[in-house]
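These are my notebook entries on the structure shown below. I record what I looked up, entry by entry.

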Amino acid sequence: MSELLLPPEHRYAKIIKEKLNEDGSELSILNLGPTHPATHGIFQNILLMDGERILDAEPTIGYIHRAFEKIAENRPFYQITPLTDRMNYCSSPINNMAWWMTLEKLLNIEVPKRAQYLRVIVMELARITDHIICNSILGVDTGAYTGFLYVFQFREKIYEIYEEICGARLTTNMGRLGGFERDWSAEAFRKLDVFLEEFPPAWKEFENLFERNRIFIDRTVNVGAISAESAMAYGFTGPNLRAAGVDYDVRVAEPYSSYEDFEFIIPVGKSGDTYDRFCVRNAEVWESLSIIRQALAKMPEGNDYHAEVPDYYLPPKEDVYNNMEALIYHFKIVMGEVPVPVAEIYHAVEGGNGELGFYLITDGSRTPYRLHFRRPCFIYYQAYPEMIKGALLSDAIVILSSLNVIAGELDA
Amino acid sequence: MALENTQIQDKLTETFGESVMHFRQERDIFTFEVSSDTITPVILFLKNEETLNFHFLTDLCGIHYPDSDVNEQFAVVYHLHNWVENKRIRIKSFIHGENPEIKSVSNIFLTANWMERETYDFFGINFIGHPQLKRILNMDEMISFPMRKEFPMEDSGRTDKDDRFFGRTPSNC
Amino acid sequence: MSDSNIKIVEAPEGLSGEGFFATKLNDVVGLARANSMWPLPFATSCCGIEFMATMASHYDLARFGSERVSFSPRQADMLMVMGTISKKMAPILRQVYEQMAEPRWVIAVGACASSGGIFDTYSVLQGIDKVIPVDVYVPGCPPRPEQIVDGVMRLQELVKSESVRRRSSPEYQELLASYNIK
């Protein structure tokens, strides 16, 4: 069989030829992916197997390479937000806000406190959706479909809040330079309140279903463990690093969007195994909920939702129709003819999976000279072959889903 | 005690002299340039020196400057981060346009492995000493390097787009 | 149970009398096929997440006879391509399509699968209809779950009205030949 899968000069083919087990059995090759049902995305791993055990793995990525960075060099700043949506599509608002904050850093724009708090709320909601997907899918992969069906209902509720804010569900394209495109409606706040009331008991139940579940523990404890040192060497950030016991969180290290105003703890794990990653994500959901509550409680009075930057912020539509000045601004912004300084900016936020960084180089023209995305998934996925070495095939699937590798972010 | 820019600058000039240059604060990140032949010792020094302790490679990427002097047509940018002092630095290293090559840092930071492969894939920068320098995102059969400025974004072979409807022909009719 | 709101599909047109019901073979086969479409989700990116929502409890695609998601192409009837297909991926998509048994249908879900979407770049296939024939296109970036369900229902309409002989007709052979699929 292996001759069919691999060319004879491949190193695995050579290993198979050379090595024969004592009992006469031989090693085999398994091609996991790129469309394997259990991989939730397009990853290919060629596995060298001894029975059920993985000896070595060779990943191939790039199956949905969409050339984000090349497109970004050809688009005005406004048109790059939709690209960021499609990068980590499980938590689009974080990406959107990160992009706007990069531009605000470039242009030295101060965002009103209220808009910053609104951003915090929406980013934490996005983190919750991200962790809901990751953890419930991890449940599915260990054989517990119920949790997935149960908590996905609440992800729909978050999508309804997004819809109230920006009109879209998944690829939100949310916000504007300096704040939001419109103030949040009363309905959005009402839905948020309902969510904050209904979700915690459900999440508690979800946790109870898994955290002391014998089968789940057997499948995840000591599976895919990674030490703090090697996690850092591999460039891990986010929940996967914190599960290994390192409390690095961009929200705390370099607070953006007023994260310094809120009190929360950074949950950390101990052994960096699949179970710890699961628990860290669970705990982060609770912290996110607490941040949202604090932001709602501390929300400044008034209805500021954007900074007063007419050069960059689209004027209201009725003014565009009736006011010459507004029309000119509208035209200039839409055509991307806005003044941009020459600079190099790096801005990082805590994305769903870790440090999401935007490295932007401008040359004063309407498009970025170069825009590089520091995509956490891309960086930590390279540790995957190392993590599954010696594990069973079924563990490899569980490890992959606990890492929460998002194909769109991986391949850019 | 926070790690000051001058401290980093002094230490580096003391050890490497002229090959580390153009120290400047660019917005919130301390930036400097390193000549391409000393990049590995500089990064190793930054990582291992006790007071500096830049132990985390945040990002590595390439930039193409086709209009610059032929000696400086490509740049490789390293973002390092010291979590203890919470200090970021950016290192730029310019390399030759015709035969872009630089030493690999993948033996210093494991994470640089794929980042360098990506940079090779996009720009064709040859990282000397990389364990497995081959394309990562694009197809192996591809011969050009797509992130170079002269490479067109759109697929040249496509047939479904009529240039006339996109204002790309002189007559537009 | 009398208060049950389970609906049963309507019988096709035909002649009925005591103890018999006569109708066209086409209609019966179409009815059976249309109401048990086994989807093969070929999810690559964002639209795949919306497909997950479509399969989950809120939208529940199982109501339309697609409870069993078939991850094996051999047992699937309807290939749902969701998300960007890059040129690196295209041969794999084609292989999956070739592995499916007749009759097989294809839904291109989302702008990327239909036309390449916003990704008009060197690495992205500009619509999957460049490599395999497509029956239904669902627009949207990504389409809402309602739209995906609508796409499936449109496909059911097609399936219901399809002649049992279509797959051996010269037109169909010609179509496959134009894609160089045997």
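Which residues of chain B does the UniProt annotation "domain: NADH:ubiquinone oxidoreductase 30kDa subunit" cover? I found that the unreviewed entry assigns residues 33-155 of chain B to this domain. I note that UniProt positions are given in the numbering used here, that feature names are shortened, and that annotations may be inferred rather than shown by experiment.

**Basis.** I am reading a predicted model, in which local features need pLDDT of at least 70 and side-chain atom pairs count only at pLDDT 80 or more, while totals for chains, interfaces and linings use all residues. Residues are numbered from 1 along each chain as its sequence is written, and chains are lettered from A and ligands numbered from 1 in the order in which they are written. I recorded an ipTM of 0.91 and a pTM of 0.92 for the model.

**Chain B.** I looked up the annotated span first. The end C-alpha atoms of residues 33-155 of chain B are 35 Å apart, and the span is 18% helix and 28% strand. Helices (H or I, at least four residues) and strands (E, at least two) are DSSP runs, numbered from the N terminus. For chain B I listed 3 helices and 7 strands, in the sequence order α-β-β-α-β-β-β-β-α-β. The C-alpha trace of chain B spans about 65 × 35 × 30 Å along its principal axes. Of the 173 residues in chain B, 38% are buried (20 or more other C-beta atoms within 10 Å of a residue's own; exposed means 12 or fewer, partly exposed in between; C-beta atoms are placed from the backbone).

The UniProt annotation "domain: NADH:ubiquinone oxidoreductase-like 20kDa subunit", from an unreviewed entry, covers residues 46-154 of chain C. I found the end C-alpha atoms of that span of chain C 22 Å apart, with 33% helix and 12% strand.

**Chain C against chain B.** I counted 7 residues of chain C in contact with 8 residues of chain B (C-beta atoms, placed from the backbone, within 7 Å).

**Chain A.** Helix α5 (residues 92-107) of chain A has 16 residues, of which 15 are buried. Just after α5(A), I noted a positive phi of about 55° at A:N108.

Note on methods. Contact = placed C-beta atoms within 7 Å. Expected span 1.5 Å × (residues − 1).
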